[in-house]
Structure formats: structure tokens, C-alpha cells
Amino acid sequence: MRSERAVLIAGISLLLVPTMVLAHHALQAQFDMKQTITLTGAVTKMDWSNPHVRLYVEVRNQSKSVTWELYLASPNQQILNGWKIDTYRPGDRVSVEAYPARDGSSVGFAKKVRAVSGRSF
């Protein structure tokens, strides 16, 4: 009976593996890792939910303002890198080096985030 249960659990686990593998994406598929852009603006929001922390930055130019959605690592990885939930708050001015989205949208993967005051993570 015990061995049958073990075989059943192993079988179910093997069925779930392809689903987990397909659920995560390669950064290279969504972002142009050969190009880096620098964005400077004000933080509007931070979202600390899995699988990636997201930082929203309002970037203004002469004609309009655009809110960029910038992906970071997982919440656990950001904490290991020294971030806290309140590291950046709405209104903080930041400069972000990021890989832009391949589709030209206002989305990127943040490589480095630096407060305009000089603190960086």
C-alpha cells in the first residue's frame, strides 16, 4: 500500500513539471537584453507580488508623461539584495537602467535602480 502511494505521488509530480516549466519565461523572449535604456522619473507605485517585484515610474518629457512598468527580481531576491518594502515610495525620484520590452511598450526589466539622491540597489 505504501509503495502504491509513493508511485501515485511520483506520477502526479511528473505531470506537474511541464506546467511549471512552461509557466516561467525567459527574459530574452520579452526584453531586448542587448539594449539598455535609462529612465528618470518619479515612483508612482511598487508591487511586491510574485513572481516579480514591479516598479512603476512616471517619466516626463517635453510633450507628455509615460508611466513605465519595470520588472525586478522576485520579492525574496530583492530582499536579499537589500531592498525593503519602503525602499522607494511614491514620489521618490529615481534613475533606472533597464532592458526595454521587445514589443516597444513602456515595459522594461530593471538592471539597476538608483535614487536621484545617489543611493542605489
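These legends walk through several close-up views of one predicted model. As a predicted model, it only gives local features where pLDDT is at least 70 and side-chain atom pairs at pLDDT 80 or more, while totals for chains, interfaces and linings use all residues. Residues are numbered from 1 along each chain as its sequence is written, and side-chain values use heavy atoms, with hydrogens and water left out.

**View 1. The barrel: five strands closed up in the order 1-2-3-5-4.** The pairing around this barrel is mixed. On average, neighbouring strands of the sheet are turned by 55° against each other, direction ignored (axes are lines fitted to C-alpha atoms, and angles run from 0 to 180 degrees between N-to-C directions). Strands here are DSSP runs of E, at least two residues long, numbered from the N terminus, and two of them pair if DSSP finds at least two bridges between them.

**View 2. Strand 3 and its partners on either side.** Strand 2 (residues 54-60) and strand 3 (residues 65-71) run antiparallel, joined by seven bridges. A hairpin of four residues leads from strand 2 to strand 3, and arginine 60 has serine 65 in strand 3 as its bridge partner. Strand 3 also pairs with strand 5 (residues 107-115), this time in the parallel sense and over three bridges. There, glutamate 69 sits opposite valine 107 of strand 5.

View 3. Arginine 54 counts as buried, at 17% relative accessibility (buried is under 20% relative accessible area, exposed over 50%, partly exposed in between, with a 1.4 Å probe and protein chains only).

**View 4. Two further salt bridges, out of five in the structure.** Arginine 60 pairs with glutamate 58, with 3.4 Å between the closest N and O atoms. Arginine 60 is exposed at 65%, whereas glutamate 58 is partly exposed at 22%. Elsewhere, aspartate 86 meets arginine 89 at 2.9 Å, N to O. Both ends are partly exposed, with aspartate 86 at 40% and arginine 89 at 47%.

**View 5. Leucine 70, a buried residue of strand 3.** The relative accessible area of leucine 70 is 0%. Leaving aside neighbours within four places in sequence, the contacts of leucine 70 include Leu39, Val53, Arg54, Leu55 and Val57, along with Val96, Ala98, Gly108 and Ala110 (contact means heavy atoms within 4.5 Å). Tyrosine 99 is 29 residues away along the chain, and its C-alpha atom is separated from that of leucine 70 by 9.1 Å.

Terms used
A salt bridge is a side-chain nitrogen of Lys or Arg within 4 Å of a carboxyl oxygen of Asp or Glu.
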